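Open the model in a viewer and keep the sequence to hand.

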Amino acid sequence: MKQLFILALLFITVGHTSRAQSAEEKLDQKLDSISKLDGLAGFGVSVFTLDTVLFQGGFGYADLKNKKPYTVATVQNIGSISKTFTGIALMKAVEMGKLSMDTRVNEILPFKVVHPKHPEQQITIRHLATHTSGIIDLEQTYDMSYVLENPNEVDADEYNKEITKYMHQLKQNTAMPLGAYLKAYLTKGGALYNRKNFLKTAPGARYEYSNIATALAAYCVEIVMEEPFHKVTQKYIFDEIGMSETGWFLDSVSKENHAQIYSDNLKVLPRYQLITYPDGGLRTNVASLTKYMQVMMGCYEGRESILPTALCQQMMKAQLTQSQLGTEDIDDNYGFYWENKGGATIGHNGGDPGILTLMYYNTEMKVGAIFFTNTNVIDNPKAARLVQQSWNAIRAYRNKKAK
């Protein structure tokens, strides 16, 4: 139970002395108050340095119906933060001499990927890793990557009009191997192929965020490492860091610890997994991702671990030119699947139906923060406001601890 330090006269009467709340207590109280507002089912928070967890806590519910609390051990899918693991797998393949960032993908793949508007320009691993390959996500086709856990048990009509339409589509999706999906999407004559799957500009010319290109990079890793991508990441990342309850598929983690996910009106959304899982399908918890970020940012700061520091720094440093970005804000940049904001903030975020996640480290303050919620935030202003309030409180606490 939360204690409120009030009624100073009463403390004096019974012989106690009041004290000021600590920064941790203030943050806990603020986040607890946000969790009691209507809009988010539950959320988890972590604030840390490379060596110390400064604050961790869970708020609200992992399961509203059964009043199961959301904790830092609660597992959920983390969306595009997953891409940072794809970046590490690429760097591991580079370290082992299996490929280079300038390797052409057609030197690796069992099928040919040709940009239809620039067939003479070869797509490289670097292009994939910096979102400059020219491959883009055609929304309706990309949505076919989402496969429901139990589609026959889903009543698509119980949601609002927009979600109902989306659920009807997802109920039709069926699982297929990663390579088969990519071949169908990226090769002429494939069932999912369309010239609109590619930008008008040539590979390397323009930044355009791409889930499909990320999945293709992971598939290249799978081929050169000669084992499935999920096993590569298990061996070289999860096991090395000690990330418990972490995996790419629904059966990779304990269902008992898995959060329910919720729509914008807090209706339960069905669980799903991705055919293109390396672009956004990882499942983990706040505690394990904190370990991960401490290790990876430690590597960036000079503590060699699962990668040599030089490769960590290469992976996380800004790679894009102003011309590629197409904007004057050169500080809003990208490494190899790691966001780099002016060199001061490194990390990633994730958003998918029923979840939103944030994972960032401030290289100047030497403090990082993580936020998970099991509630849909996309096109949900009420939930978005509560996330922003929570993140503002977390940043204020971080700033205070960094002084």
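Which residues do ring pairs link into a cluster? Select Phe85, Phe229, Phe238, Trp248, Phe249, Tyr277, Tyr292 and Trp338: ring pairs join them into a cluster. Rings of Phe, Tyr and Trp (its six-membered ring) pair if their centres lie within 6.5 Å; planes under 30 degrees apart are stacked, over 60 edge-to-face and the rest tilted. This is a predicted model, where local features need pLDDT of at least 70 and side-chain atom pairs pLDDT 80 or more, while totals for chains, interfaces and linings use all residues. Residues are numbered from 1 along each chain as its sequence is written, and side-chain values use heavy atoms, without hydrogens and water.

The count of aromatic pairs comes to 19. Zoom in on Phe85 and Phe238, an edge-to-face pair with 5.8 Å between centres and 65° between planes. Phe85 is in helix H3 (residues 82–95) and Phe238 in helix H9 (residues 229–241), 153 residues apart; helices are DSSP runs of H or I of at least four residues, strands runs of E of at least two, numbered from the N terminus.

Next select Phe111 and Tyr219, which are stacked at 6.1 Å centre to centre and 15° between the planes. Phe111 and Tyr219 are both buried.

Finish at Asp63, in strand S2 (residues 53–63). A polar atom of the Asp63 side chain lies 3.1 Å from the backbone nitrogen of Lys65.

Technical notes: A polar contact is a pair of N or O atoms within 3.5 Å; within protein, one must be able to donate a hydrogen and the other to accept it, and residues adjacent in sequence count only if both atoms are side-chain atoms. Buried means under 20% relative accessible area, exposed over 50%, partly exposed in between (1.4 Å probe, protein chains only).
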